[in-house]
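Trainee: I would like to learn how to read a protein model. Could we take some features one by one?

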Amino acid sequence: MILIADGGSTKSNWCQLDDAGNRVYFNTEGYNPDFMGTTAIAASLDKNLPDTLPRQEVSKVYYYGAGVHNAEKAERVAAAMRQIFPNANAFVAEDLLAAAHALLGNKPGFAAILGTGTNSCLYDGEKITYNVDSLGYFLGDEGSGSFIGKRLLRDYLRGLLPDGLQDIFQEEFKLTRDEILDRLYNQPLPNRFLASFAKFTYDHNNISYCREIVLQGFETFFANLVSHYPNYQDYTFNCVGSVGYNFRDALTQVARSHNMEVGKIIRSPSTTSCHITKLLVGKPTYRFVWSKQLKNKRATLLTGWPSCFSMLPGWLPREPAR
């Protein structure tokens, strides 16, 4: 049995594939190693995985995740996978590669993520070739759920929400100033807390203020990130993530105002990659962590990642040479 997952900071989408090719889809919490350690990731998996999932029968786990920037971050996730799936090999790579695979396949182009956080890249059909650092929710993540939520919370705390939104927000969330600041400065996962308020702007999209802060967030995303890619207007704009998908009309408007034609805007890589029936299994092209049940219980950093993957037997990535 094989598991394939793409994980953001808030949610992970999983596809369970048995030897007969039958698929089961499910979701868990997101596992960003910038904010969660191995113990916390393993505890969440243990709690949130379906009771019907036979963990001992899982032989491989392919995990594309937010925050997997280097070997140390990847090992945090891989170590948790080893604890939960004791008989499995774990392959861990960053979520941006999954986004590029789902949006572009084996064709070159521009790919972005707009979810809890933000990321983007140029992709040559096999590997990521250029990335403007989004810098996370403190310094950047323009256009993301956390960026929009931060603007909304700031205006709420200053009493600046218009058109009756101040009372609506208070009634819906019942949060005091002290409670909000405690969640941001003292509690775990502040980025996820901020992003949770993006839904409020979606639910009240009929009010011009909500439309405007979304448009301004996307404008900032283009001004600070997208426009700094070489010849960015030569590419179509392709995006994955709940924020980009739910506000795709506004995102399309902003992209076109920057002279970028829009290609694909999808909610999750799994909505595309889990339904691909034929993909190339090319030469190793990307760095990833391959963790096997070795005596030292450590993951090994290798080079190589097949250009694409599929959920169908016979089209899965080859294991790297040892």
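Trainee: Is L189 buried or exposed?

Mentor: This is a predicted model, and every answer here refers to that model. A residue counts as buried when its relative accessible area is under 20%. L189 has a relative accessible area of 17%, so L189 is buried.

Trainee: Where is L189 placed in the chain?

Mentor: L189 sits in the loop between α7 (177–185) and α8.

Trainee: What is the phi of L189?

Mentor: First the general idea: most residues other than glycine have a negative phi. L189 is not a glycine, yet its phi is positive, at about 60°.

Trainee: Which loop holds N259, and what is the phi of N259?

Mentor: N259 belongs to the loop between α12 and β10. Its phi is near 60°, a positive value in a residue other than glycine. As for accessibility, N259 is at 54% and therefore counts as exposed.

Trainee: Is H258 buried or exposed?

Mentor: H258 is placed in the loop between α12 and β10 (262–266). Its relative accessibility is 16%, so H258 counts as buried. Leaving aside neighbours within four places in sequence, H258 is in contact with E219, F222, Y232 and Q233.

Trainee: What about nonpolar residues? How many residues does the largest nonpolar core have?

Mentor: In soluble globular proteins, nonpolar side chains tend to be buried together. Here the largest nonpolar core has 42 residues, and F218, F222 and F237 have the most contacts inside it. Elements that give two or more residues to this core include α5 (145–157), α10 (208–224), β9 (237–240) and α12 (248–257). The largest share of this core comes from α10, with 8 residues.

Trainee: Which residues does F218 touch?

Mentor: Not counting residues up to four places away in sequence, F218 touches L114, G143, V243, F247, A250, L251 and V254. There is also a second, separate core of 27 residues, and L189 is one of its members, as are M1, L53 and A88.

Trainee: Now the helices. At roughly what angle do the axes of α1 and α2 cross?

Mentor: Two packed helices are described by the angle between their axes and the distance between the axes. Helix α1 (residues 38–48) and helix α2 (residues 71–84) have axes that come within 8 Å and cross at roughly 40°. The crossing in which α1 passes α2 is right-handed.

Trainee: Which residues of α1 meet α2?

Mentor: From α1 they are T38, I41, A42, L45 and D46. Their partners in α2 include E75, V77, A80 and I84. Sorted by class, this contact of α1 with α2 has 8 nonpolar, 2 polar and 3 charged residues.

Trainee: How far apart are the C-alpha atoms of P162 and C210?

Mentor: These two residues are 48 residues apart along the chain, and their C-alpha atoms are separated by 9.7 Å. P162 lies in the loop between α5 and α6. With a relative accessible area of 26%, P162 is partly exposed.

Notes. Residues are numbered from 1 along each chain as its sequence is written. This is a predicted model: local features need pLDDT of at least 70, side-chain atom pairs count only at pLDDT 80 or more; totals for chains, interfaces and linings use all residues. Side-chain values use heavy atoms; hydrogens and water are left out. Axes are lines fitted to C-alpha atoms, for helices over the stretch in contact, and angles run from 0 to 180 degrees between N-to-C directions. Helices (H or I, at least four residues) and strands (E, at least two) are DSSP runs, numbered from the N terminus. A crossing is left-handed if the near helix is turned anticlockwise from the far one by less than a right angle, and right-handed if clockwise. Contact means heavy atoms within 4.5 Å. Ala, Val, Leu, Ile, Met, Phe, Trp, Tyr, Cys and Pro count as nonpolar, Asp, Glu, Lys and Arg as charged, and the others, Gly among them, as polar. A nonpolar core is a set of buried Ala, Val, Leu, Ile, Met, Phe, Trp, Tyr and Cys residues joined through side-chain atoms within 4.5 Å. Buried means under 20% relative accessible area, exposed over 50%, partly exposed in between (1.4 Å probe, protein chains only).
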